[in-house]
Structures are given as structure tokens and as C-alpha cells.
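Hi,

Here is the structure I promised to pass on.

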Amino acid sequence: MSSDAALTAPRILARCRDLVRPSLVTAIGRLHPWPGEMAAFSLGWCEVGGEPADGSFEGKGVRQALAVLCAEAAEAPGESAVAGAVAVELIHTFSLLHDDIMDGDGTRRQRETVWKAYGTGPAVLTGDALFALAVQTLAETPGPHTAAAVARLSETLSGLVRGQAEDLLFAARPWTGHQAVRTDEYRAMAELKTGTLLGCAAALGGLLGGAPAGTVAALDRAGRHLGVAFQAVDDLLGIWGDPAVTGKPVHSDLRQQKKTFPVLAALAGGGPHARELATLLNSPLILDDAGAVHAAALVEACGGRTATMAEAGHHLDAARACLRSVPLAPRAAHEIEVLLGFLLHRRL
């Protein structure tokens, strides 16, 4: 196999998952068997009842890959970041469990969410268990950087809560007028809700790999920019995504009246199409199939789709600039950049 062939994003993600997976399995095995099963279900490892799944429901493992790659970028072995990778994967899974409940989402990765499959109370309990397990996993890691790693994870958790609080508050605000959500407010929310954990994953990799403070800070900034770009692409997928990729119906975010970047950018542009879109969104009627198709066409006509792709591209460029601002091991740095490009061009 040539070196170029080995550096495709799916292979990079698979290599990092394979490195982290044994420790992640061990961590989940420490849970009470019932929340342990629900955690394994959420991770795509099993079906309801505990029977092994076929692997088609597993996530890509972007956050754990970032931790591993950033340790390698600091010229440390990827193994040095495994505890950090496990911790961020547990926190990510916890956040999805609770977000699905708060958002009322019944499907994720082409099957039922945990609260739909097991009930709301059990899903909340499992999220709490994963939260505690993540902190415990990192706190028990031997080495000189443990205290700093736990402090960074704690700060990240506070950021996640602030981001989710803003996201929930956005839902109650109007589409138009002086109280409408602005794109800069949405960007700040995305950095907290999505970017904070990606920044933490990158920073933990560098920190546990022994990188100097300036490098750790640059990795954190890169991850935060990546998070805003990642959220922008998610927003595109939420309107125009292929259901086979997203696991949700086409136009799902529009049907649920979610305030996402493409819609906010479209409304901010003004003009007749924007006014028609605002009228449609402000209607008390639930969007049917035809209404959702029309709304998506209006968002595109107003430039919302183009603006969102530009937003994602801008933040990926900023992430690359952060990575290039500090000395990193060349191969690992290249693998991180391969991953960045892959995340921007997920299928619509």
C-alpha cells in the first residue's frame, strides 16, 4: 500500500478507533450492566437487549482521532492520548444522549435514540454515568499532566452546558425582529456546543503528549474552529442531507423549525425571498412535505446554503492556520489536515 493510499480519512479514523477501542470497552465495562448496555447501544456496539450489532451504527470517532493525532503531532506515541480520547468519546456520547431528549429526536444513525428505545429516565441515567466515567477515567491516568487534563475537561463541560443553554433559548426566540437570533450569536453558540469538545480533544492529545503550552493552545483553537465548521456542515445535512447518511428525513431541521445557520443567513440577507421565507416560518401551521421543499428552495435562493459553505470553509482555513502556527510532526499534521478536508465534504 502506498503512503498516499494509507492517508485517506476513513483509514486514519479506523486506525485511531482501533487504538482507542480496547480502553473504551474496558471503561464501559466498569458501568452497572444496565446503563452499560445503553451506553453500548448508543455507541453502536449492540442492539436493545445486548446482542452484538453489525457495526453499521458506530460513529466515525472524530474526537478520539483528534486526541490521538494531536499527541502524535507532538511527537509522542498515540497511546499517550488514549485516556484523553476515551474521556472525550464518553463526554460526546453523554451529550448526545441528553441532547436527543432535549431536542425530542427519536432517531440517530438510522435507528432509535436511547431514550426512545429504553425510556427517558434510563437515558438520563446513562448520560450521567458516562459523564462521571469520563472524569474518573482521566483522573486515574498516571503521569505529570493528569491534573491539567482534568481541569481542561472540566472547563470543557462548562462550555458544553453554556452552548446547549443558548441553543435551547434560541428555540423560543422569533425568526424576525430585534429579538431574532443573529448569525454571530449562532456562531458563538456553535463554538461552545460543538467546538469546545473538539478543541478539548485536540488539546488533551497535545497535553498528554507533552507538547508545550503554546502548542496546546494552538491545537485547542484549531479544534474550536473545526467545531464551528463541523456544525455548519451538520446544518447543511439537516436540510439537504441524504437520509441514508444522516439517518433523518430530508429537510428534517426545517420541519422541526430549528434555527440553523443556513436559515438565519438566508433571513439576514433580506429581499423578497427572505420575506417569503419569514412568512412561511412564522406561520402557525406545521410544514408539510411541499412546504419543507419550498422553504429549502427559499433558503437556497436567499444564499443560505452558499453562506453556510463559506462559513465552514472559513473556519477550516482558520483551523489550518492554527495548526501551521506551531511546529508539529509532519506526518501527523498532514493526517489532521486530511481529516479536516474530509469533514467539510461529508455527503449531502
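To start you off: are Phe41 and Tyr118 buried or exposed? Both Phe41 and Tyr118 are buried, where buried means under 20% relative accessible area, exposed means over 50% and partly exposed is in between (1.4 Å probe, protein chains only).

Before the rest, some housekeeping. This is a predicted model, in which local features need pLDDT of at least 70 and side-chain atom pairs count only at pLDDT 80 or more, while totals for chains, interfaces and linings use all residues. Residues are numbered from 1 along each chain as its sequence is written, and side-chain values use heavy atoms, with hydrogens and water left out.

**Aromatic pairs**

There are three aromatic pairs in the structure. Rings of Phe, Tyr and Trp (its six-membered ring) pair if their centres lie within 6.5 Å; planes under 30 degrees apart count as stacked, over 60 as edge-to-face and the rest as tilted. One of the pairs is Phe41 with Tyr118: the ring centres are 5.6 Å apart and the planes sit at 80°, so this pair is edge-to-face. It joins distant parts of the chain, with Phe41 in helix H3 and Tyr118 in helix H6, 77 residues apart. (Helices, H or I with at least four residues, and strands, E with at least two, are DSSP runs numbered from the N terminus.)

Phe94 and Phe131 also pair, and they are edge-to-face because their ring centres are 5.2 Å apart with the planes at 90°. This pair links distant parts of the chain too: Phe94 is in helix H5 and Phe131 in helix H7 (residues 120–139), 37 residues apart. Phe94 has 13% relative accessibility, so it counts as buried, whereas Phe131 has 31% and therefore counts as partly exposed.

**Nonpolar cores**

A nonpolar core here is a set of buried Ala, Val, Leu, Ile, Met, Phe, Trp, Tyr and Cys residues joined through side-chain atoms within 4.5 Å. The largest one has 82 residues, and Ile28, Leu90, Ile91, Leu130 and Leu138 have the most contacts inside it. Leaving aside neighbours within four places in sequence, Leu90 is in contact (heavy atoms within 4.5 Å) with Leu24, Ile28, Leu130, Leu133, Ala134 and Thr137. A second, separate core of 25 residues includes Phe170, Tyr186, Ala274 and Leu281.

**Cavities and a pocket**

Rolling a probe the size of a water molecule over the atoms shows where empty space is left. On a 1 Å grid over the protein atoms alone, a cavity is a set of points where a 1.4 Å probe fits but cannot get out, and a pocket is an open set with protein on both sides within 12 Å along at least five of seven lines; lining residues have an atom within 4 Å of a point. Grid points are joined across faces, edges and corners, and a volume is the space filled by probe spheres set on the points.

How many cavities of 30 Å³ or more does the structure hold? There are three. By class, the lining of the largest cavity has six nonpolar, three polar and five charged residues. (Ala, Val, Leu, Ile, Met, Phe, Trp, Tyr, Cys and Pro count as nonpolar, Asp, Glu, Lys and Arg as charged, and the others, Gly among them, as polar.)

The second largest cavity has about 50 Å³ of space. Its lining divides into nine nonpolar residues, one polar and no charged. Four of the lining residues come from H10, the largest share.

The second largest pocket has a volume of about 190 Å³. Of its 16 lining residues, Arg17, Trp45, Glu58, Gln64 and Glu89 are the closest to its centre. That lining has four nonpolar, six polar and six charged residues.

Thr156 is in helix H8 (residues 146–172) and counts as buried because its relative accessibility is 5%. Not counting residues up to four places away in sequence, Thr156 touches Thr196, Leu197 and Cys200.

Ala292 lies in helix H15 (residues 289–301) and, at 0% relative accessibility, counts as buried. With the same exclusion of residues up to four places away in sequence, Ala292 touches His251, Leu254, Arg255 and Leu287.

Cheers
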